[in-house]
Amino acid sequence: MAKVAHFPVRLAEAEEKPPRAGERQLLEAIRAGDRAAAEEMVERTYSAVFASLCRLCSDCDLAADLTQETYQKAWAALPKFDGRSQLFTWLYRIAYTTFLNHVRRPRRTRSLDEPDSVEPRDDSAPIDQVLADSEESERLRVAVLRLPDDLRFTVTAHFWGGLAVREVAEIEKITTVAIRKRLHKAFTMLEAMMDEEVR
Amino acid sequence: MTQKKKAELQRKLSIAPVPRPPDDLAGRIKADIPEFLRTDHDRKRFSSSVAFSLRVAASILLVITSAFLGIRLLSSPDGRLITESAAPASAAFEMKDEQAAEVTVMIEESAKKEADASTLRDVSTPPAPAPALPRQLAVRERLALPPPTPAPPAAPPARAEMAEPESSVAAYRPRVVPPVAAPPPPAAAAPQLAADLDKASADAPAEARRSAIGGASLREVAVTPKSAGILNTVHAGLSYEAPRALFDVSIDPDEFDRLRKMVESKTTPEPQSVNVEALVNHFAGAGLASRQDVALEVEASLAPIPDSPAMLRVTIDTASLPEEPAGSRPPAATDATLEIEIRDTAVAGYSIVGSGELKAGERILLKGASVTRLIELTVKPGLERSREVARVTLRYRSVRTGREVVLSRSVLARDVAGPWTAATRRHRLATLGAMWGESLQGTASSGEEVARKAANLSSEEPEDARARELAAAATASSRLRGAGPTGSAR
C-alpha cells in the first residue's frame, strides 16, 4: 500500500500544506498569467481529482482522461471562479460533472480486452488483498452510483472527494445538518443494497 | 441501521485504496494549460461588456427623456400638441404624424403672432425682422426642411380677428371672424411640407373636412413670411372658421347680427330665413370655464310665454380655452353622440326648436365650443312629479384621457313644471331667443311679450349685453311687425 493514496488524499499532505495556504495568492498569480502557478495548482490537486474520479468510474485509464478533461474545463472556467470556495472543492465539482457527462454520453464501443474493474498498478501489493478489496469496493461503488442524485453526490464528495461536510453543504447550498441527514439516508440505502446483493 | 454497520460502511467508503495517478498525467494536464492564462482580459472584457450595456441603457433613457422634454417644450403652454388642423386632414382623427402636428401648431402660432402684428402696424410699413424662433428652427432641422428663402415682398397678412370683448363674462362667447380673401402666396420654400399639407387636405373627404367641427371647413391661411427667414412663404397652417353647426344644431354666430341690422333698418326678415336655432345658441352663449373636457347641461321649465309648451334645454360646453382662440383650437373630445330620449309614456308631444333629430353626433368636439338644443315638451296631465319625462345621454371619448365618457341626465316631470322665472339666466335667455325667432317667423307669440321679458332680464343685470340686445331687437321687431301672429304651426 506504499504507493496507494488514501482518501482524503490531502490528509497526508495536510501537515505540510494547509488546504488554503497560499491558495489565494496562487489564484491571483494564475489570473495574472503565471504559468508556474498554474502548474503548481495542478501538482497540488490532480492526485485528488484523479482519485475521486477513479473511485467514481472504477477505471483508472478513464479516470486519467476525465481528470485531464476536468482541468481543461477548469482553465476555461477559471475567470468565473470567485475564489470563495476552496480550489479543490471547485475542481471536484467540475470533475463530478465531467464524470456524469461521461456516464450520460452515448455508450462508446469498448474493447473486450479492456478490464472493467479496477486494476491497481502497484504490482507489489498482495494480490489476494487487492482482489478482495477490489471486489468489495466495486460492489460498494455500484451501490453508491445507484443512489439518488443528491445522495450520490453527497456520499462521493464527502468520502471519495475528501470534502468536509461543511464544504459539501456550501456546494449544495444547504445546511450541514441536511448533509448529515443525507449521509444517514444514504447509509441506510447502501446497506440495503449491499445486503440485497449478498442475498 | 446499527452504529456498527454504519461505522463499517463509513470505513469501507473512506479507506478504500485508490491507485496512484499515471506518471504522465500531471504532464498531460500541464500541457493543456493554455498559453494565455491571464483572466484579466476576460474580466476586463466582461466589465467592458457590462459597461457597454449600461451605456446603451443610459443612452436609451436619455433619448426617451429628450423626446419627452422635446414634446413638452414644443407643446403650447396648455399642453396641447394636437391641433384641429391636423385632425380633419386625417379624417379619422388619428395623430399618425406627430411631427406634422407639432409643425402645424407652430405654424399656426406663427400665423397668429403675425396676424396680431399685422393688425397693429401700418400697412405701408415694411415688416420688421422677426426674432429668431429656435423651436421652429429645431423642427425645421428635424424634418430636414430646406433652408428658408428670402421673403417675397408684400405678402398678404393673415387675418384672424379677435372677438370684441364682451361686458359679461358669463355670456362670453368667443368669436372667430373668418379672414377676408387671403390667397396664399406661391410656395417658394418648404415645398415638401406644403405638398404634404396640400395632399392631406386634398385627400380628406370634403364631408369629413366640413363636419370635423360641426361644419367648420378647412381653409388655407396665408402666413406672412418672416423677413428674418425663419418661416418663409410656408403653406398655410390649416385654420378654421367658426363652426356653423354642432350636433345638427345651427350655431351660426352671424345670424343675430343679420337680423338685428334688418329690424333696425326697418326691414322685415323673410320668415323662412330666420334661423331660430342660431338665435337660441347666440343667446344661450358659452358656459363658464369648464374643468371637464365636455359638460352636459340639461334644464327644463315652463315656457316664458303662458300657455306654451314647456321647454327642455340641452347644452353641451367643451372645455374653455386658456387664451382667446384665433386660428386653432385643440380638440376636447372625439366620437361624441348626443341622444335625447323622450318618454312617450309621459309626454303627449314634443317639438324640436329648429330642425334636426333627437340623436346626433360629432366626430370631433373642439375646445371652447357650445351648442344648445331646445325642445318643446307637452307632458301628459296628472303626471307624477317624479316621473321621468326625458333622458339625455352624451357619449364621447376624451382626447385628454383617451377614455370613453358617458354623461346622462334625467328630466323629471317636476323639472318640466318649474316656473320659467326660476330657471337659470342662460335658460331664460335661450328660450326667449327662441321665442323672438319664432315671432319673427310668425309662428309664436308676440314680439312685445318677448321684448318685455327681455327688458326685465336686462334690468336684472344691466351688464348683460345679450339681454339688452335681445330686448332692443325684440322691441324693434315688435314695432316693425306690430302685434305678431299668435299660435304655433307646430
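A nonpolar core, as the term is used here, is a set of buried Ala, Val, Leu, Ile, Met, Phe, Trp, Tyr and Cys residues joined through C-beta atoms within 7 Å. Keep that in mind as you look around this predicted model, where the largest such core has 69 residues. Here's a quick tour.

**The cores**
- In the largest core, the residues with the most contacts inside it are Val280(B), Leu312(B), Leu365(B), Leu377(B), Trp436(B), Ala454(B) and Leu470(B).
- Helix H12 of chain B (residues 425–441) gives this core its largest share, 7 residues.
- Apart from that one there's another core, with 47 residues, including Ala51(A), Ala64(A), Leu91(A) and Ala95(A).
- Setting aside neighbours within four places in sequence, Val280(B) is in contact with Val353(B), Thr372(B), Leu374(B), Ala430(B), Gly433(B) and Ala434(B).

**A sheet in chain B**
- Four strands of chain B make an open, antiparallel sheet, in the order S5-S6-S10-S8.
- S5 (294–301) and S8 (347–352) of chain B are the edge strands with a single partner each, so one side of each has no neighbour in the sheet.
- On average, neighbouring strands are turned by 20 degrees against each other, direction ignored.
- S5(B) pairs with S6(B) (residues 310–318) over 8 bridges, and Ala300(B) sits opposite Leu312(B) in S6(B).

**Helices against the sheet**
- Helix H10 of chain B (residues 276–284) packs on the sheet, touching S6 and S10 of chain B, at about 115 degrees to S10(B).
- H12(B) lies across S5, S6 and S10 of chain B, at about 75 degrees to S10(B).

**Over in chain A**
- Glu28(A) is in helix H2 of chain A (residues 23–31), and counts as exposed because it has 12 C-beta neighbours inside 10 Å.
- Glu28(A) and Gly83(A) are 55 residues apart along the chain, with 9.6 Å between their C-alpha atoms.

Conventions
Residues numbered from 1 in each chain as written. Chains lettered and ligands numbered in written order. Predicted model: local features only at pLDDT ≥ 70, side-chain atom pairs only at ≥ 80, totals over all residues. Buried ≥ 20, exposed ≤ 12 C-beta atoms within 10 Å, placed from the backbone. Helix = DSSP H or I, 4+ residues; strand = E, 2+ residues; numbered from the N terminus. Contact = placed C-beta atoms within 7 Å. Pairing = 2+ DSSP bridges. Axes fitted to C-alpha atoms, helices over the stretch in contact; angles between N-to-C directions.
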